[in-house]
Amino acid sequence: MSESSFALRGGIVIPIDGDRIDDGVVVVRGGRIEAVGDANTPVPGDVRVVDVAGKWIVPGLIDAHVHLGVHEEGEGWAGQDTNEMTDPVCSQVRVVDAINPAEQGFSDAIAAGVLAVNVNPGSGNPIGGQTAAIKCVGRTVEEMALRAPSGIKSALGENPKRVYGEQKKTPSTRLGTAATIRGAMVDAQNYRAKLAADSDAPVDRDLKSEALALVLEREIPWRQHCHRADDIATAMRIAEEFGYKLVLDHGTEAHLLADIIAAKDIPVIIGPLMVSRVKVEVRNRSVANPGKLDAAGVTIAITTDHPVVPIAHLITQVTLAVRDGLDRDAALRAVTINPARIMGVDDRIGSLTPGKDADLCLWSGDPLDVYSRVETAFVDGVEVYRHE
């Protein structure tokens with residue numbers, strides 16, 4: 001099925017934005033989803049019908065926090081472009097300039113049903129750079145891109161204080177990290193004020209402040225790396241000072257502040273979940289934490305932080321979280337529509353909804369059953385993977 005127009009009939013359809021449909025139909029035309037419904041759904045006469053009885057039809061999974069293409073596995077320093085750790089404020093750097101579409105991790109993602117990701121710079125800097133929402137198929141980043149920039153990465157906690165403390169420069173403490181972020185935001189505010197002033201005097205371009213202005217104008221979110229509850233509180237404090245849209249990345253101890261986070265309607269991209277407690281700030285890591293956040297009303301997405309946890313195990317983490325209390329429907333939303341909304345691309349992907357891109361997978365069975373696997377994957381209605 002290499003063409004972009006067809007109908008899948010007889011499968012179990014999981015639309016995400018609606019109830020499960022047994023013996024369902026999904027019609028794809030021109031790379032987009034044209035119709036989703038039960039067995040009585042009309043199928044145009046010029047569309048090829050494929051019997052998928054017994055299979056599960058699921059939207060492509062999405063991981064909203066990875067380092068695919070910039071932290072290449074098995075390449076050592078040659079494939080390591082995650083952090084520009086020469087300046088604490090790197091809002092001007094763009095992850096799209098370092099993504100290698102040929103990295104093996106993208107093939108691993110597709111085979112596991114992960115068809116879109118948000119690629120982030122690393123967490124070595126207080127301000128690490130611009131993120132990008134991309135599909136996992138394409139020869140160039142331009143072919144893959146859904147939205148770029150889709151946010152700006154920032155880090156609180158152990159990583160930036162370690163990196164710059166070892167260099168004997170600011171920031172070497174949590175208070176220094178927060179001050180560095182505030183200082184950059186004030187610089188961006190002043191830059192915006194200069195541009196808005198009624199003056200004929202030219203203003204020199206400032207790429208750092210231009211990028212931060214997108215955050216201050218709420219065009220893109222602030223992607224805040226933080227694990228410990230006190231760092232999460234600092235993230236919320238600074239966000240309120242400057243009025244930007246905040247997304248909490250990792251959120252290891254977010255469950256300790258779940259009521260506050262829910263009241264502020266701040267999403268948490270939680271994970272990685274299948275890792276050892278390698279740092280002090282992740283001592284409260286638990287696969288039960290996503291369920292606690294969801295029960296408190298927090299919007300969650302689940303991440304592998306690839307390559308920390310290999311991207312192929314995104315669905316494994318979801319399954320473990322369900323085993324430890326996460327609601328099943330919430331679990332599937334956490335790797336489909338929720339990350340799509342956080343990335344600002346839910347008009348394109350994240351659910352089987354007419355009008356959206358036909359990015360979907362045929363599973364051999366329930367995706368939350370460890371024995372199930374992706375049999376076929378489609379991006380824009382084109383088959384990009386088939387399990388032989």
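Biologist: Which residues of helix H5 (residues 207-216) are called buried, and what makes a residue count as such?

Modeller: In this predicted model, Ser209, Ala211, Leu212, Ala213, Val215 and Leu216 are the buried residues of H5. The term requires under 20% relative accessible area, so each of these six names stands for a residue below that cut-off.

Biologist: How do you know which residue caps the N-terminal end of H5?

Modeller: A side-chain oxygen of Asp206 lies 3.1 Å from the backbone nitrogen of Lys208. Just after H5, Arg218 takes a positive phi of about 65°.

Biologist: Is Pro44 buried, exposed or partly exposed, and why?

Modeller: Pro44 has 21% relative accessibility. Buried would require under 20% and exposed over 50%, so Pro44 counts as partly exposed. Pro44 is found in the loop between strand S3 (32-37) and strand S4 (48-51). Leaving aside residues up to four places away in sequence, Pro44 touches Val27, Arg29 and Glu34. From Pro44 to Arg218 the separation is 174 residues in sequence and 42 Å in space, C-alpha to C-alpha.

Biologist: Into which domains is the protein divided, and how many residues does each bring to the contact?

Modeller: Domain 1 consists of 1-60 + 350-387, and domain 2 of 61-349. The contact takes 23 residues from domain 1 and 24 residues from domain 2. The C-alpha centres of the two domains lie 30 Å apart.

Biologist: How much area do domain 1 and domain 2 bury between them?

Modeller: The buried area is about 1,900 Å², with 66% of it on carbon and sulfur atoms.

Biologist: Why is the pair Asp380 and Lys135 called a salt bridge?

Modeller: The closest N and O atoms of Asp380 and Lys135 are 2.7 Å apart. The rule asks for a side-chain nitrogen of Lys or Arg within 4 Å of a carboxyl oxygen of Asp or Glu, and the pair therefore qualifies. Across the interface of domain 1 and domain 2 the rule finds five salt bridges.

Biologist: Which strand supplies the largest share of the side of domain 1 that touches domain 2?

Modeller: That strand is S15, with four residues. By residue class, this side of domain 1 divides into 15 nonpolar, three polar and five charged.

How values were computed: Residues are numbered from 1 along each chain as its sequence is written. This is a predicted model: local features need pLDDT of at least 70, side-chain atom pairs count only at pLDDT 80 or more; totals for chains, interfaces and linings use all residues. Side-chain values use heavy atoms; hydrogens and water are left out. Buried means under 20% relative accessible area, exposed over 50%, partly exposed in between (1.4 Å probe, protein chains only). Helices (H or I, at least four residues) and strands (E, at least two) are DSSP runs, numbered from the N terminus. A polar contact is a pair of N or O atoms within 3.5 Å; within protein, one must be able to donate a hydrogen and the other to accept it, and residues adjacent in sequence count only if both atoms are side-chain atoms. Domain bounds come from an automatic or database domain assignment. Contact means heavy atoms within 4.5 Å. Buried area is the accessible area (1.4 Å probe) that two parts lose on being put together, summed over both. Ala, Val, Leu, Ile, Met, Phe, Trp, Tyr, Cys and Pro count as nonpolar, Asp, Glu, Lys and Arg as charged, and the others, Gly among them, as polar.
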